[in-house]
Amino acid sequence: MRTFIKLAIFLAAALPCLASAATYQWRDDAGVLHFTDDSDRIPERYQKRVTETDSAAAEKGAAPAQKKQEAPAASEASGSAAKPAAQPVASTTRATLEAELKRLKEALVPKMEELSRLQHKWMVSKGRTPTAKEIAEFEKKRAKGKATYADNPYVNKSPLSSTIPARVAYRAKLEEVQKDEARVAQLEQELQALK
């Protein structure tokens, strides 16, 4: 058993050394960012755009050492030739962002309806709808800080029913909607930055 523990500790200490390899990244004509750890998998036409990131330095918390592969001396000499090429990339990036934004906004409508349906199902599964008097009494206790779980008029106190499946479904859909809304906000900011 001690031998096994020593071997496990040795392997845990040795693995970071074995895994230190470079990671390559580049952006294609559509503006999509690609990553690979095999330089042979980089397409020929993107060789000038490749940035090499040393993953061992990144793991240690240091700023990643970035090196450009094959510095494009020809494109630096003709600065005017590089600008027209940037125009189509920016327009395709903008078009891609607008398409994704449109798709997300269209998908949010049915998701919000589903979220509302799941919330209703969750509330119904709790088993009861309190009267206005019960709600007022509970709110008074809550305002004083004396409300307990047993005082909550919305909660079904029957041990035979469970609201867990409905609650879990609602929370999962809520998280999905919140992620989509955050992505929509991010895309709108990116589109504003491109203007």
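In which helix do Glu-98 and Arg-94 both lie, and how many residues apart are they? Both lie in helix α4 (residues 79-125), 4 residues apart, about one turn of the helix. Helices (H or I, at least four residues) and strands (E, at least two) are DSSP runs, numbered from the N terminus. The model is predicted: local features need pLDDT of at least 70, side-chain atom pairs count only at pLDDT 80 or more, and totals for chains, interfaces and linings use all residues. Residues are numbered from 1 along each chain as its sequence is written, and side-chain values use heavy atoms, with hydrogens and water left out.

Glu-98 and Arg-94 form a salt bridge, their closest N and O atoms being 3.4 Å apart. The term denotes a side-chain nitrogen of Lys or Arg within 4 Å of a carboxyl oxygen of Asp or Glu. The whole structure contains 11 salt bridges.

Another salt bridge joins the side chains of Lys-111 and Glu-176 (3.0 Å, N to O). This pair links distant parts of the chain, with Lys-111 in helix α4 and Glu-176 in helix α6 (residues 164-194), 65 residues apart. Glu-176 also meets Lys-173 in a salt bridge at 3.6 Å, N to O. Through shared partners, salt bridges join Lys-111, Lys-173, Glu-176 and Asp-180 into one network.

Elsewhere, strand β1 (residues 22-27) and strand β2 (residues 33-36) run antiparallel, joined by 4 bridges; two strands pair if DSSP finds at least two bridges between them. Trp-26 has His-34 in β2 as its bridge partner. The strands form a hairpin with 5 residues between them, and Gly-31 in the turn has a positive phi of about 90 degrees.
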